Amino acid sequence: MLRMPEFVHAQELSAGFYADVVAPVLGSTGHAAGLLGWGSDVLGYDTARSMDHDWGPRLIVLVDEPATVLKQVEAVLPDEYRGFPVRFGSDVHAVEHRVTVATLSDWLRGHLGFDASQGVGVDDWLVTPQQQFLGVVKGQVYADDGRLAPVRAALAWYPDEIWRWLMACQWTRIAQEEPFMQRTHEVGDELGSRVVAARLVREVMRLALLQSREYAPYTKWLGTAFARLGHPDGLDRALTDTVAAGNFADRERALVAAYELVGRRHNALGITAELDVAPRLFFDRPALVLDAARFATACHATVSDPQLKRVGPIGSIDQFVDSTDVLSNPSAYRRLLGVFR
């Protein structure tokens, strides 16, 4: 059995694999190439643990005549590169090389479910999971003859009104569950209170990513992406204290502090009139909340797009679907286009 050498990030490994093995075959053929699409390694989150399955040198190569180029590449692929097998798999993926050769349009349709090189409609923005956008815009590009850069630029972040609408919908998600942490505690459901708190922590994390204009990766890497934002205001500590709290009083105190911080971040964006971030009671109940609905309403008021206003506050697919089998499968999530029409 081949013994794996010391870990290097797949971004570095694939860069060398492209330069040493694939680029010489392509020669003057117009192309783009990079580590794009699925996988922790695309985002630079891979570690030595990642090497136990579906990990190794791989590339997306975008050309005009993929069948011809694929034959040329396959003819020169070695068994290993820098001590790592070139053909690898797992219990769910066959052992094979991971050099995908395709046209830009075909690759985009396979990865996103639509050809973003031909434009991105409101429907496309809303039905495409953020993780899928990350697979296009965050991976390493090792060569580009000009075909890929415009698409990456177009998908770098949401159009302004869609961004504001998504934040309104995210504030709405928080508003809908704000008082539940106290109410579940009040009836003696301590586990339920902790579960609600954890849910609200996740929603605040996703809001912070939206506020920072950063796509959220799927669940495994949400915390990592959130941490990499940097939090000089202490939002990360407040959220950590929320989920670590051993009693309701500490839990509420920490979560309210987090609400105040994301409220301040909202005001700093300057997209609405400044809103009061002081905590308040939920009606006359002994539950401290931010009243996040105020922030949702303020964001919605800045949106004029008729389609967004017609859809209502359900949000994009990431905000109302929580199934990996849907969010990772373009043919599945594209079936939900009718929700936005």
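Is I314 buried, partly exposed or exposed? At 34% relative accessibility, I314 counts as partly exposed, a class that lies between buried (under 20% relative accessible area) and exposed (over 50%), computed with a 1.4 Å probe and protein chains only.

**Basis of the description**

This is a predicted model, in which local features need pLDDT of at least 70 and side-chain atom pairs count only at pLDDT 80 or more, while totals for chains, interfaces and linings use all residues. Residues are numbered from 1 along each chain as its sequence is written, and side-chain values use heavy atoms, with hydrogens and water left out.

**Overall architecture**

The protein contains 17 helices and ten strands. Both kinds of element are DSSP runs numbered from the N terminus, helices being H or I runs of at least four residues and strands being E runs of at least two. The C-alpha trace spans about 75 × 50 × 35 Å along its principal axes. Of the 341 residues of the protein, 52% count as buried.

A contact is defined by heavy atoms within 4.5 Å. Among contacts with a separation of 6 or more, 72% involve residues 24 or more positions apart. The protein exposes about 15,600 Å², and carbon and sulfur atoms supply 53% of this area; accessible areas come from the Shrake-Rupley method with a 1.4 Å probe, and for residues only the protein chains shown count as cover.

**Charges and salt bridges**

The protein has 34 positive and 43 negative charges, and their mean positions are 2 Å apart. Lys and Arg count as positive and Asp and Glu as negative, whereas His and the chain ends are not counted. The place of each charge is NZ of Lys, CZ of Arg, CG of Asp or CD of Glu.

Side chains of opposite charge can pair when their charged atoms come close. A salt bridge here is a side-chain nitrogen of Lys or Arg within 4 Å of a carboxyl oxygen of Asp or Glu, and the count by this rule comes to 23.

| Salt bridge | Closest N and O atoms |
|---|---|
| R109 with D106 | 2.7 Å |
| R164 with D160 | 2.7 Å |
| R199 with E177 | 2.6 Å |

R109 and D106 are separated by about one helical turn, because they are three residues apart in helix α3 (residues 104–112). R109 is partly exposed at 42% relative accessibility, and D106 is partly exposed with a relative accessible area of 42%.

R164 and D160 both lie in helix α7 (residues 160–177), where they are four residues apart, about one turn of the helix. R164 counts as buried at 17% relative accessibility, whereas D160 is partly exposed at 40%.

The salt bridge between R199 and E177 links distant parts of the chain, with R199 in helix α9 (residues 190–211) and E177 in helix α7, 22 residues apart. R199 counts as partly exposed at 34% relative accessibility, and E177 counts as buried at 17%. Elsewhere, a network of salt bridges links R173, R202, E203 and D322.

**A nonpolar surface patch**

I314 is found in the loop between α14 (306–311) and α15 (317–320). Together with F320 and V339, I314 forms a nonpolar patch on the surface, with about 210 Å² of accessible area in total. Patches are made of residues with over 30% relative accessible area and no salt bridge; nonpolar side chains (Val, Leu, Ile, Met, Phe, Trp, Tyr) are joined within 5 Å, and like charges within 9 Å.

**Backbone angles in two loops**

Most residues other than glycine have a negative phi. R213, although not a glycine, has a positive phi of about 55°. This residue, R213, is found in the loop between α9 and α10 (219–227) and is partly exposed, with a relative accessible area of 42%. Phi of F283 is also positive, near 50°, in a residue other than glycine. F283 is found in the loop between β9 (280–282) and β10 (285–289) and is exposed, with a relative accessible area of 71%.

**A buried strand residue**

L59 is found in strand β2 (residues 59–62) and is buried, with a relative accessible area of 2%. Leaving aside neighbours within four places in sequence, L59 is in contact with S14, F17, Y18, V22, G34, R98, V99, T100 and Y142. The C-alpha atoms of L59 and Q182 are separated by 50 Å, the two residues being 123 residues apart along the chain.
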